[in-house]
Amino acid sequence: MIVLVFLFAAVGILIPTLEKQIKKRAPIWYGAALAVSVCSLVYLILGRGMPGYSLVMAIFGRGELATVLFVYVMLAPVLPEKRKLTLAVYRIRGELAILAAFLIWPHNAYFGRMYVVSMMRNPGSMSAAMFAAAVCSVLMLVLLVPLTVTSFKRVRKKMKAKRWKQLQRFSYLFYGLIYLHILLVLGPHVARSGEYAVKMLFYTVLFGGYATLRVRKYLAVKRKVSALVWRRVETGGFLVTAMACVLLIGAGFGPEEEERSVIAETSTAVTESAALEGTSAAAAETMALAETGVSATEIVASAETAALETADVEEGGEAGTQEGAWKDGVWEGEGKGFLGTVRVEVTVAGGRIEEVKVTGYEDDPDYFVSAGAKIPKAVVEAQSTQVDAVSGATYSSKGILEAVEDALEKAR
């Protein structure tokens, strides 16, 4: 969030300062933007773990710089006309839009190779929100190409003014898809990330405010509606935006999520205690459910599982951790990470885990990378999924371990 706020402030300061240079030497700026995009994409693919990776991921990998430029271009027509920044943006809107289109490509290429490919080949592996977000991305790309091409002066001059304006109206749909994409990516996870919740609120205010101001301008200028009417529209729009923010945050921190969090925390604590006393993990989970007030049906189901696992432990130790407990081969498994599905391949030879390979994930790379590097090695060394999660990447660690367990279950 700090990077996003910094980018908004920096771009707001630089646009009036560099306006003339951008206008006069636009091709040079376009070339520089393309070069930066290519270099950042290469770094994102090959530079994991290197200094500055998280910053490059935020600015270019997540497309925050490009989004900031798009937002300035979007807001220019509805902000006070006499402001220095508004005038500067308005005079180079086309150039800024082209720069933003070039700078968004690292984001599209980096995440597209995961999400769009998954959407085409194995849509069932994606959550509904992530699938919808991928669809939004494809639609935005379809719109972005003609909108960018027609923003070049030479192309614009060859088009009829009426036709050009009709085409540029699709930018409204493009802006709406940007917000919808952000909503689908961040919305389902605001309960687990304060940063995501703040970003969600920030973007909702920005895009909700823009929609309100756009309607206000339409009513005031096009329909000659009185000032009193558009004031009411403006007030109503901002109230709707505020209510949307409250609902979004409330949905993320609702009772259901809080109950799940309490159950998870209590289950973990009881499981650790039970491990010391020789009780199985499933039995410990049953104790946790009882303490958190879960229904009797769920407790009975968990108790049945606990009884079976406890019997397995008594007969020959914890199942699935002994040498020779799995069939040889390469086994695939899936687990739930922070943002979506984690996929792994587990190679078993001689009844032992020889290799754990992460084949796909939907989490943020700067959080997932550390877990993806450490957890597979720890599982091979321990010949078990009973290993510690990586600090700062707890959900990604759990996703990998869950996927490994799924694969090993198939190997039994």
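**Note on the predicted model: fold, core and side-chain pairs**

1. Among contacts in the protein with a separation of 6 or more, 64% are between residues 24 or more positions apart. The model under discussion is a predicted one, and the remarks below should be read accordingly.

2. Overall composition. The secondary structure consists of 18 helices and three strands. The protein has 412 residues, of which 42% count as buried.

3. In soluble globular proteins, nonpolar side chains tend to be buried together. Here the largest nonpolar core has 90 residues, and the members that touch the most others are Phe174, Phe207 and Val346. Helix α4, which spans residues 64-75, gives the most to this core, with 10 residues. When neighbours within four places in sequence are left aside, Phe174 is in contact with Phe70, Met140, Leu143, Leu144 and Leu147.

4. Aromatic pairs: Phe8 and Tyr72. The whole structure contains 12 aromatic pairs. One of them joins Phe8 and Tyr72 in a tilted arrangement, with 5.9 Å centre to centre and 45° between the planes. Phe8 belongs to helix α1 (residues 2-24) and Tyr72 to helix α4, so the pair ties together parts that are 64 residues apart in sequence. Phe8 counts as buried because its relative accessibility is 12%, under the 20% limit. Tyr72 counts as buried as well, at 13% relative accessibility.

5. Aromatic pairs: Tyr30 and Phe102. This pair is edge-to-face, with 6.1 Å centre to centre and 80° between the planes. Tyr30 lies in helix α2 (residues 26-46) and Phe102 in helix α6 (residues 93-103); the pair thus links distant parts of the chain, 72 residues apart. Both Tyr30 and Phe102 are buried.

6. The aromatic cluster. Which residues do ring pairs link into a cluster? The members are Phe8, Tyr72, Tyr179, Phe202, Tyr203 and Phe207.

7. Charges over rings. The charged end of Arg93 sits over the ring of Tyr90, at 5.5 Å from the ring centre. Arg156 lies over the face of Trp164, and there the distance to the ring centre is 3.9 Å.

8. Salt bridges: Arg91 and Glu19. The structure holds five salt bridges. In one of them, the side chains of Arg91 and Glu19 meet with an N to O distance of 2.5 Å. Arg91 is in helix α5 (residues 84-91) and Glu19 in helix α1, and the pair links distant parts of the chain, 72 residues apart. Are the two partners buried or partly exposed? Arg91 is partly exposed, with a relative accessible area of 45%, whereas Glu19 is buried, at 12%.

9. Salt bridges: Lys23 and Glu95. The closest N and O atoms of this salt bridge are 3.6 Å apart. Because Lys23 lies in helix α1 and Glu95 in helix α6, the pair ties together parts that are 72 residues apart in sequence. Lys23 counts as partly exposed, at 36% relative accessibility. Glu95, at 7%, counts as buried.

10. Salt bridges: Lys410 and Asp406. The side chains of Lys410 and Asp406 meet in a salt bridge with an N to O distance of 3.7 Å. The two residues are four residues apart in helix α18 (residues 394-411), so they are separated by about one helical turn. Lys410 is partly exposed, with a relative accessible area of 45%, and Asp406 is also partly exposed, with 27%.

11. Ala197. This residue is placed in helix α12, which covers residues 194-222. Ala197 is buried, with a relative accessible area of 8%. Its C-alpha atom is separated by 7.8 Å from that of Gly187, a residue 10 residues apart from Ala197 along the chain.

12. Helix α1 in review. Phe8 of helix α1 pairs with Tyr72 of helix α4, Glu19 of helix α1 is linked to Arg91 of helix α5, and Lys23 of helix α1 is tied to Glu95 of helix α6.

Methods
Residues are numbered from 1 along each chain as its sequence is written. This is a predicted model: local features need pLDDT of at least 70, side-chain atom pairs count only at pLDDT 80 or more; totals for chains, interfaces and linings use all residues. Side-chain values use heavy atoms; hydrogens and water are left out. Buried means under 20% relative accessible area, exposed over 50%, partly exposed in between (1.4 Å probe, protein chains only). Contact means heavy atoms within 4.5 Å. A nonpolar core is a set of buried Ala, Val, Leu, Ile, Met, Phe, Trp, Tyr and Cys residues joined through side-chain atoms within 4.5 Å. Rings of Phe, Tyr and Trp (its six-membered ring) pair if their centres lie within 6.5 Å; planes under 30 degrees apart count as stacked, over 60 as edge-to-face and the rest as tilted. A charge sits over a ring if NZ of Lys or CZ of Arg is within 6 Å of the ring centre and within 35 degrees of the ring normal. A salt bridge is a side-chain nitrogen of Lys or Arg within 4 Å of a carboxyl oxygen of Asp or Glu.
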